[in-house]
Amino acid sequence: MQAALRTSVRIPQAVGRRLQSTLVIAEHDNNKLTPITLNALTAAKKLGGDVSCLVAGTNCGSVVSELSKAAGISKILVADSEVLLGFLPERLAPLVTATHNQFKFTHIVAGATAQGKSLLPRVAAKLDVSPISDIVEVKSPDTFVRTIYAGNALMTLKSKDPVKVITVRGTSFEAAEVEGGSAAQEDVALGDLPTDLSQFIGQELSKSDRPELTAAKTVISGGRGMKNGENFQLLYTLADKMNAAVGASRAAVDAGYVPNDMQIGQTGKIIAPDLYIAVGISGAIQHLAGMKDSKTIVAINKDPEAPIFQVADLGLVADLFKAVPEMIEKV
Ligand SMILES: Cc1cc2nc3c(=O)[nH]c(=O)nc-3n(C[C@H](O)[C@H](O)[C@H](O)COP(=O)(O)OP(=O)(O)OC[C@H]3O[C@@H](n4cnc5c(N)ncnc54)[C@H](O)[C@@H]3O)c2cc1C
């Protein structure tokens, strides 16, 4: 009698498991990429699998050309339209979800900037998943590290959502190189974007010849100890001599000494320059959350007990109105 033949088919584990495919939302001003996009790209590459980028804007061809030089991008999806003037999140969010519905990404990633923080929670809500904010490390495609309690504790989280919607802390990932790449381009359908929810009227951007705050190698920040806005001229003079950017504490911003795009901290910008000089800043945890990853921290404060000295590599207990003019002389 012939024995019954049993055939068993072994399915390799990898088959059936969805391969990673990540969409990085490029941030830009229609002319140039915002540097954090390149940090977000590095985080995206750490997830493994395919990486596509979405460049959405108005006359943003030069950004597409710039980004196509970055290595490791398989495709650049382009949405170039007048409707996207001003990068309004009410219009960008449906565009991102429609793009996702077309390509079925496993991850959607953007920089943790004002734009990323405005856009990705809307996308996550539409996809009915939890946004994963401001990650500082990628452990695996579903496990990430982020800071909590104003940077005083690290949390490792594992997401079971089918799509991970992530913002990335720029200072925690090296910027990807903009060379060696030749990504293909593809236009994405704009569809019916809602034009009645919000309208772009205009923008007033502060112009400065100094380096951009989040990209500067040296940052000099002033706090309430500066006493008024005019005294910030001392810091601007020193900054110009050192090719530095100028930042501020929230107290200095709230007091109207300087505009709020200069604010460093938990509710301001998060930076990690090579050299951070804190002048007349006490060092509250919310301020430290924005600058404590700086390579070298120098503090000038007349109060020897000021908490800023606990994180400073070099501390000067002095009246800033004497110390800063002396520095200007010597630099
Ligand atoms: C939810 C929340 C979010 C926040 N987010 C931020 C944030 O993003 N960024 C931020 O910075 N803060 C933030 N804050 C505010 C924060 O708690 C502090 O109030 C703020 O950082 C204090 O700013 P400061 O150090 O300039 O002022 P102060 O704490 O008033 O310190 C001024 C310092 O100047 C020194 N000083 C005065 N005169 C001189 C002088 N002549 N020479 C030398 N030193 C002098 C003083 O000794 C003092 O240490 C936040 C607070 C909350 C509750």
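So, which helix is Thr42 found in? Thr42 is in helix α1, residues 36-46. By helix I mean a DSSP run of H or I with at least four residues, and by strand a run of E with at least two, numbered from the N terminus.

Before I go on, some housekeeping. This is a predicted model, where local features need pLDDT of at least 70 and side-chain atom pairs count only at pLDDT 80 or more, while totals for chains, interfaces and linings use all residues. Residues are numbered from 1 along each chain as its sequence is written, and side-chain values use heavy atoms, with hydrogens and water left out.

Back to Thr42. Its relative accessibility is 16%, so Thr42 counts as buried. The cut-offs are under 20% relative accessible area for buried, over 50% for exposed, and partly exposed in between, with a 1.4 Å probe and protein chains only. Leaving aside neighbours within four places in sequence, Thr42 is in contact with Phe173, Glu174, Ala175 and Ala176; contact means heavy atoms within 4.5 Å.

Now the whole chain. There are nine helices and 14 strands. The C-alpha trace spans about 100 × 50 × 35 Å along its principal axes. Of the 331 residues, 46% are buried. Take the contacts between residues at least 6 apart in sequence: 65% of them join residues at least 24 apart.

Next, helix pairs. What is the angle between α3 and α4? Helix α3, residues 89-103, packs on helix α4, residues 114-127, at about 50°, and the axes are 9 Å apart. Axes here are lines fitted to C-alpha atoms, for helices over the stretch in contact, and angles run from 0 to 180 degrees between N-to-C directions. That angle is why α3 and α4 are oblique to each other. On the naming, under 35 degrees is roughly parallel, over 145 roughly antiparallel, 65 to 115 roughly perpendicular, and the rest oblique. The α3 and α4 crossing is right-handed, and right-handed means the near helix is turned clockwise from the far one by less than a right angle, with anticlockwise for left-handed.

Who meets whom? On the α3 side we have Pro89, Glu90, Leu92, Ala93, Val96, Thr97, His100 and Asn101, and on the α4 side Ser118, Leu119, Arg122, Val123, Lys126 and Leu127. By class, this contact has seven nonpolar, four polar and three charged residues. The classes are Ala, Val, Leu, Ile, Met, Phe, Trp, Tyr, Cys and Pro as nonpolar, Asp, Glu, Lys and Arg as charged, and the others, Gly among them, as polar.

The other pair is α5, residues 232-242, with α9, residues 320-330, at about 25° and with axes 9 Å apart. Therefore α5 and α9 are roughly parallel. Here α5 passes α9 in a left-handed crossing. Leu234, Leu235, Thr237, Leu238 and Lys241 of α5 meet Phe321, Val324, Pro325, Met327 and Ile328 of α9. The class count for α5 with α9 is eight nonpolar, one polar and one charged.

Let's look at buried spots. In α2, residues 61-68, the buried residues are Val63, Val64, Glu66, Leu67 and Ser68. They pack against β2 (50-57), β3 (75-80) and β9 (184-187). Ala248 sits in strand β11, residues 245-248, and at 0% relative accessibility Ala248 counts as buried. Pro141, in the loop between β5 (131-140) and β6, is partly exposed at 29% relative accessibility. Its contacts, again without residues up to four places away in sequence, are Gln20, Leu47, His107 and Lys164.

Most residues other than glycine have a negative phi. Asn59 lies in the loop between β2 and α2 and is exposed, with a relative accessible area of 59%. Tyr149 also has a positive phi, about 50°. Tyr149 is in the loop between β6 (143-148) and β7 (153-158), exposed with a relative accessible area of 66%.
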